[in-house]
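Open the model in your viewer and keep the selection tool at hand.

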Amino acid sequence: MFQLIDVFWAYTLIAILILVGRLIRQRIGILKSLFIPSSVVAGVIALLLGPSALGTVIKATVGVDSPLINGIFPEPILMVWSKSPGVFINIVFATLFLGQLIPGWGTIWQQASPQAAFGQVLGWGQYVIGLILGITVLTPIFNLPPIAAALIEVAFEGGHGTSAGMAGTFKELGFPEAADLSLTLATVGLVSGIVIGTWLIDWGRRTGRIQVQRQDEQINLGINQDSIHTHTEEHPAIIAARDRLFRDLLIDPISLNFGFVGLAVAIGWLILQALGFIESITWGSGDGLKLIAYVPLFPMALIGGILVQLLLVRTNRSYMVSRPLMERIGGLALDVTIVTALASISLTALGANFVPLLILSFAGIAWNLCVYVFLAPRLIPFYASERGLGDFGQSMGVTATGILLLRMVDPDNRTGAFECFAYKQLLFEPILGGGLFTAAAPALIVRYGSIPVLLLTSAILAFWLIFGIWNCKQLRKGVKQEELI
């Protein structure tokens, strides 16, 4: 057990580690050029100085009586860190849509349907590829549990945050090592997504696939890679109303915004409890299907955030929430999630599953690359190479990677890629990339087996592929008709 003072020092150390990570990132050129977040560097430092690396070396050389058996960090600190990812990921997801402009569904569908189809093909295909590998290689040859098939989507689409948030689910389903494998896969996806994405931009310009010409003097890559969204400009009237609110309430702006984050998480918890009760008296009674017990809180917190935002808009109180502050709250929570999750990785588990890890990494990267090169032009009607880069980057780890690639290829947003990418999140994140199906997939695999889930995900993949191709043709046809008129 740990005490409150242990929690205080645990997060104080995280702050120091992030500062050290930032310093190292700025001094080492390759880390800076690859836009590796400071939180990832800090997490790796904590891992190397913890029980899995330094502690193991001390145990082998000095013996178990050494005070450094757990590395340089006391055991209570390590206990706090091990519990932190599953807590802070709820804050990350609760802030995703708070303060965001949510337009009408007609506008969202018109602009985002091609991006949604492309993103869904990437996500569902990761399940199909993973399940095929699980059935043919991972389970029969390496004796991994069938739920290892879900790791590509959890890590590549969900990133470090989702991987950390799913640790409890993996443990309850009897495969605790999956959390370590997933976090490592997320790191592989993050690095390879930036490297391959940068190469794709250069290749696209050389081959003429990318139509927007680069203007180096206008490119600004100074975005915060640790944030999860870019804020949109707000109407001056909203800013003025918010200023009056803070003066009248005598409350710090970040405190008020954090209150809405707490409300979103609480609503998500109520939804989860309600679903659990419904399941217990219907399909989950007795020996029936039990899914909600394995669903973590964070996808429900995301839904709670959407509901809070819609309520604020409906009551004309959207000015009470500041999107830039929500990004800061979510960014801080994401930093804590990443640092503590990486610090808690078991290197022993990685060593025992090194070859399966390589197979999953290669398969995930190959699928994403093939979808971008061959299917993006058939699913996205206009500026396919430019707009597809955002979803490619997101499918390799984090939303910030997708935003980075979009800014590199289209800094002036002449293709409209940023709006389409943002609207597409409303149709994507509640389901995949840490959404409901991401949370339920491991339990579905355990309950029904790999083959039924493979058939289900293959059918959904086929639907989005067929719809995407048809929708792309319809949009192109509509633009041609408008030009003729």
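This tour covers nonpolar cores, a helix, a surface patch and aromatic pairs in a predicted model.

Start with the largest nonpolar core, which holds 132 residues. Select Trp81, Phe118, Val121, Leu151, Phe170 and Phe260; these touch the most other members. Another core, of 5 residues, lies apart from it, with Ile403, Ala417, Phe418 and Phe421 among them.

Now centre on Phe118. Leaving out residues up to four places away in sequence, Phe118 touches Val371, Tyr372, Ala376, Leu379, Ile380, Gly388, Asp391 and Phe392.

Next, select residues 38-48, helix 3. Of its 11 residues, 9 are buried, so the helix is largely enclosed by the rest of the structure. Ser38, Val40, Gly43 and Leu47 are among the buried ones.

Move to the surface. Val44, Leu48, Leu49, Leu68 and Ile72 make up a nonpolar patch there, with about 380 Å² of accessible area together. Find Leu68 in the loop between helix 4 (51-61) and helix 5 (75-83). Its relative accessible area is 35%, so Leu68 counts as partly exposed.

Finish with the rings. The whole structure has 12 aromatic pairs. Select Phe73 and Trp81: this pair is edge-to-face, 4.9 Å centre to centre, with 65° between the planes. Phe73 is buried at 5% relative accessible area, and Trp81 is buried at 1%.

Then take Tyr372 and Phe392, a tilted pair at 5.8 Å and 50°. Both are buried. Tyr372 sits in helix 17 (residues 354-379) and Phe392 in helix 18 (residues 384-394), so the pair ties together parts 20 residues apart in sequence.

Last stop: Phe463, Trp464, Phe467 and Trp470, which form one aromatic cluster.

Notes:
Residues numbered from 1 in each chain as written. Predicted model: local features only at pLDDT ≥ 70, side-chain atom pairs only at ≥ 80, totals over all residues. Heavy atoms only, no water. Core = buried A, V, L, I, M, F, W, Y, C linked by side-chain atoms within 4.5 Å. Buried < 20%, exposed > 50% of the residue type's maximum accessible area, 1.4 Å probe, protein only. Contact = heavy atoms within 4.5 Å. Patch = residues over 30% accessible without salt bridge, like charges linked within 9 Å, V, L, I, M, F, W, Y side chains within 5 Å. Areas by Shrake-Rupley, 256 points an atom, 1.4 Å probe, with all protein chains shown as cover. Salt bridge = Lys/Arg side-chain N within 4 Å of Asp/Glu carboxyl O. Helix = DSSP H or I, 4+ residues; strand = E, 2+ residues; numbered from the N terminus. Phe/Tyr/Trp six-rings, centres within 6.5 Å; stacked < 30°, edge-to-face > 60°.
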